[in-house]
Amino acid sequence: MTRIDVIDNHGQFTHLEQRALRDMGVDVEIVDNETPPEEIDADGLVLSGGPSIDRIGNCPDYLDLDVPVLGICLGHQVIATELGGEVGEGDYGGYADVTVDIVDDADPLIGSLAPSTRVWASHADEVVRVPDGFARTAESDVCGVEAMSDTDRGLYGVQWHPEVAHTERGEEVFENFLDICE
């Protein structure tokens with residue numbers, strides 16, 4: 001059975017990420033972000049959302065574990081920041097319902113959502129430049145980098161929260177990530 005660890009960055013929806021994966025039959029556990037990387041034994045990682053880039057623990061080290069990683073909101077921003085991209089303050093803060101346009105319908109994580117989908121997202125902070133090796137895979141009228149992927153390294157990020165009921169087809173994002181991990 002595929003095991004995915006959800007790395008807890010103190011976000012309000014972390015338990016919903018675990019539940020979404022558990023309901024799909026995945027062996028899943030929430031793991032504290034201070035856990036040493038050598039103690040992580042999973043086929044994939046979800047870097048949860050959270051309130052602050054200052055509270056990401058060992059998340060930068062988890063990017064070197066040679067397993068697929070899905071960053072959600074803050075997790076997405078961690079991937080960008082740590083690998084040479086750029087995060088900035090969004091023009092549109094707070095949570096809102098947003099239409100996201102999929103710009104790469106071949107992307108293994110979100111391509112199946114093309115041409116667009118409705119999501120629940122916060123844009124207080126957002127990725128404004130993807131790191132080298134990443135492709136921008138989704139955009140909206142409020143954010144130019146709603147999602148990004150580096151398929152060669154198995155690193156993926158989404159600005160939105162696929163785990164919440166307000167996001168259409170959120171479970172499909174987790175199903176696609178599970179396929180990547182298998």
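**Charged patch.** I started with the surface of this predicted model. I looked for a patch of negative charge and found one there. Asp41, Asp43, Glu171, Glu175, Asp179 and Glu182 gather in it.

**Glu175.** I picked one member of the patch, Glu175. Where does glutamate 175 sit? I placed it in helix 4, which covers residues 170-181. Next I checked its cover. Glutamate 175 has 33% relative accessibility, so I noted it as partly exposed. The reasoning is simple: buried means under 20% and exposed over 50%, and partly exposed lies in between.

**Whole chain.** I then stepped back to the fold. How many helices and strands does the protein chain have? I noted four helices and 11 strands. Its radius of gyration is 14 Å, close to the 16 Å that the globule rule gives for 182 residues, so I wrote the chain down as being as compact as a globular protein of that length. For the extent, I took the C-alpha trace along its principal axes and got about 40 × 30 × 30 Å. I also looked up burial. Of the 182 residues, 54% count as buried.

**Leu16.** My last stop was leucine 16. I found it in helix 1, residues 14-23. Is leucine 16 buried or partly exposed? Its relative accessibility is 24%, so it counts as partly exposed. I also took a distance from this residue. Leucine 16 and aspartate 64 lie 48 residues apart in sequence. In space, C-alpha to C-alpha, I noted 25 Å between leucine 16 and aspartate 64.

Note on methods: Residues numbered from 1 in each chain as written. Predicted model: local features only at pLDDT ≥ 70, side-chain atom pairs only at ≥ 80, totals over all residues. Heavy atoms only, no water. Patch = residues over 30% accessible without salt bridge, like charges linked within 9 Å, V, L, I, M, F, W, Y side chains within 5 Å. Areas by Shrake-Rupley, 256 points an atom, 1.4 Å probe, with all protein chains shown as cover. Salt bridge = Lys/Arg side-chain N within 4 Å of Asp/Glu carboxyl O. Lys, Arg positive; Asp, Glu negative; His and termini not counted. Charge placed at Lys NZ, Arg CZ, Asp CG, Glu CD. Helix = DSSP H or I, 4+ residues; strand = E, 2+ residues; numbered from the N terminus. Buried < 20%, exposed > 50% of the residue type's maximum accessible area, 1.4 Å probe, protein only. Rg over C-alpha atoms; globule rule 2.2 N^0.38 Å.
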